[in-house]
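My notes follow in the order in which I checked things.

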Amino acid sequence: MNKSELVAAIASHTGESQAAVGRVIDGLFDTLMAALKQGQKVTIPGYLSVEVGHRKARTGRNPQTGATIQIPASKTVKVSAGSKMKAAVK
């Protein structure tokens with residue numbers, strides 16, 4: 001399911017317009033990204049949690065040449081499914 005299909009499904013389920021639902025979804029993700037930029041963890045109990053993860057610097061290998069390379073430390077986004085979401089796919 002892509003974003004436009006999700007917007008259409010939510011609009012159909014709630015009776016709201018697709019434009020309104022699209023704005024709400026855009027607002028949700030804008031707020032989520034702003035919180036992550038500040039290092040905050042966002043939790044929707046039972047559904048999901050999203051937080052910033054950290055990867056340490058490490059040594060890697062170039063697959064074409066076999067040369068050793070240094071991979072710098074980086075930040076990543078960790079998404080975890082909540083209990084209701086896990087139960088839905090059982």
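I began with the hairpin of strand 3 and strand 4, where 6 residues lie between the strands and Gly66 takes a positive phi near 80°. Helices (H or I, at least four residues) and strands (E, at least two) are DSSP runs, numbered from the N terminus. The model is predicted, with pLDDT of at least 70 needed for local features and 80 or more for side-chain atom pairs, while totals for chains, interfaces and linings use all residues. Residues are numbered from 1 along each chain as its sequence is written, and side-chain values use heavy atoms, without hydrogens and water.

I then checked the pairing in this hairpin. Strand 3 (residues 58-61) and strand 4 (residues 68-71) run antiparallel and are joined by 4 bridges; two strands pair if DSSP finds at least two bridges between them. I found Gln70 as the bridge partner of Thr59, and Ile69 as that of Gly60.

Strand 1 pairs with strand 2 (residues 48-55) over 3 bridges in the antiparallel sense, and I noted Ser49 in strand 2 as the bridge partner of Thr43.

Axes are lines fitted to C-alpha atoms, for helices over the stretch in contact, and angles run from 0 to 180 degrees between N-to-C directions.

I turned to helix 1 (residues 3-14), whose axis comes within 9 Å of that of helix 2 and crosses it at roughly 120°. Helix 1 is therefore oblique to helix 2 (under 35 degrees is roughly parallel, over 145 roughly antiparallel, 65 to 115 roughly perpendicular, the rest oblique). On the helix 1 side, the contact (heavy atoms within 4.5 Å) includes Leu6, Val7 and Ile10, and on the helix 2 side it includes Val21, Gly22 and Ile25.

Last, I checked the span of helix 1. Its 12 residues reach 16 Å from first C-alpha to last, close to the 16 Å expected at 1.5 Å a residue; the expected span is 1.5 Å times one less than the number of residues. Just after helix 1, Gly15 takes a positive phi of about 85°.
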